[in-house]
Amino acid sequence: LPSNIDLLIMEHTNRNLLNKTEKYIENEAFEIMKKYKKIFILQSTLNIDRLVSFYKASKKSKKKFFMKKSQSDICSFFDRIPNPISFQDCFTYLDHGCSPTEYAKIKDKYGKKLLSKNEISKLDTYTMCINSKMINYIKMIINKSGNKDVALIYSMWNGYKENMRDFLTEINDLGIDTFNLHVSGHADITTINKLIGKTNPIEIITVHLDKNGGEND
């Protein structure tokens with residue numbers, strides 16, 4: 001084949017891997033959600049594909065789906081992505097305080113889909129996206145509703161756990177079971193080869209390898 005480009009600078013983190021798919025995440029999450037009434041999800045706010053996977057699993061397990069306000073604001077721009085405005089079983093909440101004026105604007109946007117901590121704590125079952133700074137929020141919910149049948153799904157790179165050690169320790173102390181459920185967002189070897197085949201570069205420079213040539217993610 002004639003060369004299409006002179007130089008391809010490409011991601012090479014997962015050059016030795018075949019990635020599992022978001023469908024795998026959805027199916028595994030559903031199995032967890034069948035066993036627990038309350039599910040906390042720890043994932044990147046901007047990982048929309050992952051959010052959709054967890055929403056689908058939550059829907060199959062007949063749970064309400066709670067998104068952080070920041071996630072709701074992003075997803076509500078798109079009718080086909082789960083969000084509190086377009087999806088009946090999606091709700092939102094505030095994970096931090098705000099002024100009365102700001103709260104009024106948020107309430108005007110989301111209406112009855114914006115729930116308080118007290119309202120959430122009264123629910124028997126749900127799936128809730130969280131962040132690692134919310135331990136006091138989670139404690140309040142657990143103290144009011146009990147810690148039976150509660151699980152945390154950790155869906156991020158394992159390397160981030162060091163910075164979340166205190167949070168994860170407190171989650172464990174609350175009696176919440178933790179599950180690791182993640183697939184890399186980096187291209188795997190099949191996708192890498194497809195890209196090379198499509199572009200047919202003269203030269204390739206790879207990035208995101210450690211000094212031993214291993215994976216960083």
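**View A. Glu119 lies in helix H5 (residues 117-121).** The model is predicted: local features require pLDDT of at least 70 and side-chain atom pairs count only at pLDDT 80 or more, whereas totals for chains, interfaces and linings use all residues. Residues are numbered from 1 along each chain as its sequence is written, and side-chain values use heavy atoms, with hydrogens and water left out. Helices (H or I, at least four residues) and strands (E, at least two) are DSSP runs numbered from the N terminus. With a relative accessible area of 42%, Glu119 is partly exposed; buried denotes under 20% relative accessible area, exposed denotes over 50%, and partly exposed lies in between (1.4 Å probe, protein chains only). Glu119 and Ile141 are separated by 22 residues in sequence, and their C-alpha atoms are 9.5 Å apart in space.

**View B. The chain as a whole, as context for the close-ups.** The chain contains eight helices and eight strands. Of its 217 residues, 41% are buried. Of the contacts between residues at least 6 apart in sequence, 76% join residues at least 24 apart; a contact means heavy atoms within 4.5 Å. Accessible areas come from the Shrake-Rupley method with a 1.4 Å probe, and for residues only the protein chains shown count as cover.

**View C. The largest nonpolar core has 26 residues.** Within this core, the residues with the most contacts are Phe40, Met128, Ile130 and Ile138. Strands E2 (38-43), E4 (90-93), E5 (126-130) and E6 (150-155), together with helices H6 (135-145) and H7 (165-173), are the elements that give two or more residues to the core. Helix H6 gives the most, with five residues. Another core lies apart from this one; it has 22 residues, including Phe30, Ala57, Phe87 and Val183. A nonpolar core is a set of buried Ala, Val, Leu, Ile, Met, Phe, Trp, Tyr and Cys residues joined through side-chain atoms within 4.5 Å. In soluble globular proteins, nonpolar side chains tend to be buried together.

**View D. Surroundings of Met128.** When residues up to four places away in sequence are not counted, Met128 touches Ile39, Phe40, Ile41, Phe66, Tyr93, Ile120, Met134, Tyr137 and Ile141.

**View E. Thr92 in strand E4.** Thr92 is buried, with a relative accessibility of 0%. Its side chain makes a polar contact of 2.8 Å with the side chain of Ser72. A polar atom of the Thr92 side chain also lies 3.5 Å from the backbone nitrogen of Lys69. A polar contact is a pair of N or O atoms within 3.5 Å; within protein, one must be able to donate a hydrogen and the other to accept it, and residues adjacent in sequence count only if both atoms are side-chain atoms. Beyond its neighbours within four places in sequence, Thr92 is in contact with Phe66, Met67, Lys68, Lys69, Ser72, Pro84, Tyr110, Lys113, Leu114 and Leu115.

**View F. Asp89 in the loop between helix H3 (69-75) and strand E4.** Asp89 counts as buried, at 18% relative accessibility. The side chains of Asp89 and Tyr55 are joined by a polar contact of 2.9 Å. Not counting residues up to four places away in sequence, Asp89 touches Lys59, Lys64 and Phe65 as well as Tyr55.

**View G. A nonpolar surface patch of Leu7, Ile9, Ile205 and Val207.** Together these residues have about 310 Å² of accessible area. Strands E1 (7-11) and E8 (203-207) each supply at least two residues of the patch. Val207, found in strand E8, is partly exposed at 33% relative accessible area. Patches are made of residues with over 30% relative accessible area and no salt bridge, like charges being joined within 9 Å and nonpolar side chains (Val, Leu, Ile, Met, Phe, Trp, Tyr) within 5 Å. A salt bridge is a side-chain nitrogen of Lys or Arg within 4 Å of a carboxyl oxygen of Asp or Glu.

**View H. Loop residues Lys62 and Asn200, with positive phi values.** Lys62 is found between helix H2 (48-60) and strand E3 (64-68), and its phi is near 60°. At 73% relative accessibility, Lys62 is exposed. Asn200 is placed between helix H8 (189-199) and strand E8, with phi near 45°. Asn200 is partly exposed, its relative accessible area being 21%.

**View I. Asn143 in helix H6.** Asn143 is exposed, at 64% relative accessibility. Asn143 and Leu174 are 31 residues apart in sequence, with a C-alpha to C-alpha distance of 9.4 Å.
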